[in-house]
Amino acid sequence: KEIGTETGRTPYLTTSNLTKMFGDFTALSDITLEIYEGEFVCFLGPSGCGKTTLLRAIAGLDIQTFGHVTQAGKDVSNLPPSERDFGIVFQSYALFPNLTIRKNIAYGLENRKLPKADIEKRVAELLELVGLTDQGTKYPAQLSGGQQQRIALARAIATNPGLLLLDEPLSALDAKVRTHLRHEIKELQRTLGVTTVMVTHDQEEALTMADRIVVMNDGVIEQVGTPLDIYRNPASAFVADFIGTMNFIPGKVNGSNTLKMGNVDLNCDPENITETGDIMVAFRPENLLVQEGDINLPNSFEAEVKYMEFMGAFFRVDLVSQQANGNAHIKGDFSINMVRRTGVQVGDTIKVSIPQDRVSVFPGVN
Ligand code: ATP
């Protein structure tokens with residue numbers, strides 16, 4: 001099965017049937033992936049899903065058990081890291097503590113024995129690019145975490161590699177610096193046009209930075225797609241649950257465009273009904289509408305407010321929908337986001353509605 005394949009374009013980086021075993025343990029299983037020139041791709045998944053192992057296999061820091069890696073049309077599967085064309089940034093900055101910032105950035109350039117004047121010029125350029133022109137003579141320990149990570153980035157791109165690998169580059173930083181640097185890295189990547197692969201377990205990071213996200217779980221790829229695609233049309237219950245918040249309610253397929261939940265016949269876009277029989281119906285808290293006044297919205301049912309939480313930009317409201325007086329109900333707990341509170345209180349029964357194009361269907365759990 002080919003995942004992430006687009007016909008008509010030549011990929012810059014591929015992994016084919018890449019498998020990595022540690023003893024009996026399969027950390028990566030049959031990973032086939034194509035990454036295009038200039039793309040920003042995130043490997044996203046929970047701890048232990050294999051994303052770092054995949055990045056390390058691409059870099060040659062770990063050698064695959066089976067399968068191949070190609071870069072720029074060349075099979076690099078068995079080349080050591082030093083003979084592959086990439087720059088890498090790690091979570092832990094990994095700067096040389098006894099070298100000045102300038103020397104840190106110049107490291108790869110000096111290894112290439114470039115003329116001294118060229119090195120100095122390039123280092124100055126890079127310092128400016130990451131906004132740290134005046135820090136060149138300091139040592140890493142004299143810089144903040146965010147500054148150190150900018151230097152690590154400058155060092156990684158110093159030799160103009162064809163590929164930039166980022167292994168959780170932001171996770172050691174505090175929230176504010178992280179958001180800031182997220183934008184900076186993205187800008188830099190766009191300006192340079194360098195093909196970039198970033199490992200992260202942070203969905204927000206992946207959604208905001210990636211052109212395409214590779215969602216991984218247990219050593220396999222669950223889905224490859226644009227952030228919007230993955231959020232709107234998750235390919236599996238795992239992806240639906242891992243990205244954003246998702247409600248799951250058991251139901252049944254009841255026709256080409258209807259689902260039965262409780263006593264409600266829910267209209268649903270036919271292309272979203274990919275299963276038959278018992279299913280899980282999935283919908284996001286922000287997509288439910290609360291009925292106000294006399295307007296009758298379609299796909300609506302009643303539920304009782306159990307808990308309300310103020311989240312800043314909205315209220316997260318937990319509800320339970322069950323049968324009372326033959327009312328329209330879906331049998332289950334779910335949550336919704338309300339931008340305005342509109343007088344709703346715990347204990348109230350409210351009517352909510354699901355837009356038919358915002359429903360996903362997954363195989364039922366038995
Ligand atoms: P995290 O975000 O926690 O780093 P990850 O998705 O990057 O998770 P990997 O580091 O790729 O996960 O590890 C995948 C699996 O392979 C894990 O179960 C890990 O324990 C195992 N693993 C990784 N490296 C080794 C190793 N050198 N020896 C044995 N098992 C390993």
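Trainee: How far apart do the C-alpha centres of domain 1 and domain 2 lie?

Mentor: They lie 40 Å apart. Domain bounds here come from an automatic or database domain assignment, which gives domain 1 as 13-241 and domain 2 as 245-363. Keep in mind that this is a predicted model: local features need pLDDT of at least 70 and side-chain atom pairs count only at pLDDT 80 or more, while totals for chains, interfaces and linings use all residues. Residues are numbered from 1 along each chain as its sequence is written.

Trainee: How many residues of domain 1 are in contact with domain 2?

Mentor: Two residues are in contact if their C-beta atoms, placed from the backbone, lie within 7 Å. By that rule, five residues of domain 1 touch five residues of domain 2. On the domain 1 side, these are three nonpolar, one polar and one charged. Nonpolar covers Ala, Val, Leu, Ile, Met, Phe, Trp, Tyr, Cys and Pro; charged covers Asp, Glu, Lys and Arg; the others, Gly among them, are polar.

Trainee: And what does UniProt place at residues 13-243?

Mentor: The unreviewed entry has the feature "domain: ABC transporter" there. UniProt positions follow the numbering used here, feature names are shortened, and annotations may be inferred rather than shown by experiment. Over residues 13-243 the chain is 36% helix and 26% strand. Helices (H or I, at least four residues) and strands (E, at least two) are DSSP runs, numbered from the N terminus. The protein has eight helices and 20 strands.

Trainee: Why is helix H1 described as largely enclosed?

Mentor: A residue is buried if 20 or more other C-beta atoms lie within 10 Å of its own, exposed if 12 or fewer, and partly exposed in between, with C-beta atoms placed from the backbone. Nine of the nine residues of H1 (residues 51-59) are buried, so the rest of the structure largely encloses this helix. Among them are Lys-51, Arg-56 and Ile-58. After H1 comes Gly-60, with a positive phi near 85°. For the protein, buried residues make up 36% of the 366 residues.

Trainee: Which strands pair with S17?

Mentor: Two strands pair if DSSP finds at least two bridges between them. Strand S16 (residues 300-310) pairs with S17 (residues 315-321) in the antiparallel sense over six bridges, and Val-305 has Leu-319 in S17 as its bridge partner. S16 and S17 form a hairpin with four residues between them, where Gly-312 has a positive phi of about 100°. S17 also pairs with S18 (residues 332-338), antiparallel over seven bridges; there, Val-320 is partnered by Asp-333.
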